[in-house]
Each structure stands twice: as structure tokens, then as C-alpha cells.
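Colleague: I would like to go through the terms used for this model. Please set each value against its definition.

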Amino acid sequence: MFEKLENLKRIVDCGLIAVVRAESAEQALKIAEACKEGGVEAIEITMTVPGAVDVIKELVKAYPHKEILVGAGTVLDPETARACLLAGAEFIVCPNLNEDTIKLVHRYGKIVMPGTYTITEIVRAMELGGDIIKFFPGSLGGPAAIKAIRGPLPHVPFCPTGGVSLENVSDWIKAGVVAVGVGGELTKGAKTGDYPGITATAREFIARIKAARRQ
């Protein structure tokens with residue numbers, strides 16, 4: 001349990017989760033290293049990656065001291081969640097709200113981030129014990145939606161995914177989210193082999209998150 005709390009703190013303190021949809025395990029490893037060099041504390045391997053569970057295993061093996069937290073994303077059900085946890089995932093991110101998935105992840109003492117969009121889903125996710133509440137797709141409502149929702153629900157620890165960019169990340173943070181999930185905006189350099197570009201982009205995201213928190 002203490003490890004879970006420490007991992008949660010790492011994610012929130014950094015404020016940025018790298019969402020990876022790589023084409024191979026080799027590419028995922030390169031992206032992870034580039035993100036780590038840029039100061040990212042957590043990387044989410046989505047289940048849309050070919051052989052995603054094996055990719056998680058390789059990343060966990062590559063960082064035996066948890067130099068970067070490896071998690072799983074696009075997890076739709078408890079069966080997939082369990083496979084990812086047994087592969088070494090430290091956190092599970094879902095695009096949907098599935099009670100059985102939340103229960104299973106809690107059973108293993110790991111972090112779960114259920115996906116929500118409506119007020120009803122958000123409240124239900126909190127009742128079920130979501131550690132961080134994913135707001136997805138963030139592009140539909142934008143930071144203004146979070147600001148409005150936090151009126152009646154100021155205690156919800158939100159992490160939006162989808163629609164987060166360097167141009168608006170400050171707005172998301174000022175709206176009150178505890179972290180953001182960023183995919184293509186951060187990792188697009190992998191398509192052309194520009195991994196230093198990923199590192200530079202990660203540093204810029206984190207710098208803007210820290211600056212927004214100070215305001």
C-alpha cells in the first residue's frame with residue numbers, strides 16, 4: 001500500500017503521463033527512455049500496441065528499480081487488467097467505467113484510473129474507489145468542462161486524456177486537474193526516429209505544468 005501511495009505521488013508531482021501507442025516493443029522502449037530523459041515519471045502502454053502485455057514485461061525488465069513507472073492503458077475489462085498487472089504494470093488506465101476492473105486492480109494493491117465523462121460516471125468512479133479519475137475524451141469538453149464540473153465536485157482528482165497539447169496544458173492545470181495524459185502530441189517524433197524531440201517535448205510539458213501550478 002505504501003508503494004502505491006508513493007507511485008501516486010510520483011504521478012501527481014510530475015503531472016504528466018506519457019500515453020504510448022508504439023508499433024513494436026523496441027519502439028516503445030526507445031520512447032520510454034526518451035520520456036524518462038525528459039523527466040516523465042509514468043508511461044502508459046495502450047492495449048492497442050501489438051503484443052502490449054509483452055511490451056509491458058520488457059519495459060518492467062528494462063527498469064528493475066522503477067526508474068519509470070510502467071502502466072497499461074485502454075484496459076476494457078478485468079481479464080486484461082490482470083494480465084497487465086501480472087506482467088508488472090503499476091497502474092491501470094481505462095477508457096470506460098468497469099466496476100469489476102476497479103475491484104480487481106484494488107485486489108492487487110495497484111493504481112486504477114477509470115474512464116469517465118458524465119457527472120454520473122465521475123461520481124460512480126469515486127464511489128468505487130478510483131484513485132485518479134480519467135476524463136475522456138478531453139477534447140470534447142476541454143478545460144472549461146473540468147472547471148465547471150469541479151464546481152459541485154471540487155474533490156475529484158482528474159486526469160484528462162485526449163486533446164491535451166503544449167498550447168493548452170496550462171489551462172488544464174489551472175482548471176484543477178492533478179495530471180494530464182498525453183499521446184501523439186508527445187510521442188509523434190518516434191515515427192521519424194526523432195527521440196531527442198520527444199525528450200525536449202516532455203521537458204517543455206513538465207515546465208509548463210510546473211509554471212501553471214505556481215500561478
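Modeller: This is a predicted model, where local features need pLDDT of at least 70, side-chain atom pairs count only at pLDDT 80 or more, and totals for chains, interfaces and linings use all residues. Residues are numbered from 1 along each chain as its sequence is written, and side-chain values use heavy atoms, with hydrogens and water left out.

Colleague: What makes α4 roughly parallel to α5?

Modeller: Helix α4 (residues 78-86) and helix α5 (residues 99-107) pack at an angle of about 25 degrees, with axes 8 Å apart. Angles under 35 degrees count as roughly parallel, so α4 is roughly parallel to α5. Axes are lines fitted to C-alpha atoms, for helices over the stretch in contact, and angles run from 0 to 180 degrees between N-to-C directions.

Colleague: Which residues of α4 and α5 meet?

Modeller: Pro-78, Ala-81, Arg-82 and Leu-85 in α4 meet Asp-100, Thr-101, Leu-104 and Val-105 in α5; contact means heavy atoms within 4.5 Å.

Colleague: How do you know that α7 is short of the span of a straight helix?

Modeller: The expected span is 1.5 Å times one less than the number of residues. Helix α7 (residues 138-149) has 12 residues and would reach 16 Å if straight, but its end C-alpha atoms are only 13 Å apart.

Colleague: Which residues of α7 are buried, and what do they pack against?

Modeller: Gly-138, Gly-142, Ala-145, Ile-146 and Ile-149 are buried, meaning under 20% relative accessible area with a 1.4 Å probe, protein chains only. The buried residues of α7 pack against α6 (119-127), β7 (133-135), β8 (158-160) and α8 (169-175).

Terms used:
Helices (H or I, at least four residues) and strands (E, at least two) are DSSP runs, numbered from the N terminus. Buried means under 20% relative accessible area, exposed over 50%, partly exposed in between (1.4 Å probe, protein chains only). Angles under 35 degrees count as roughly parallel, over 145 as roughly antiparallel, 65 to 115 as roughly perpendicular and the rest as oblique.
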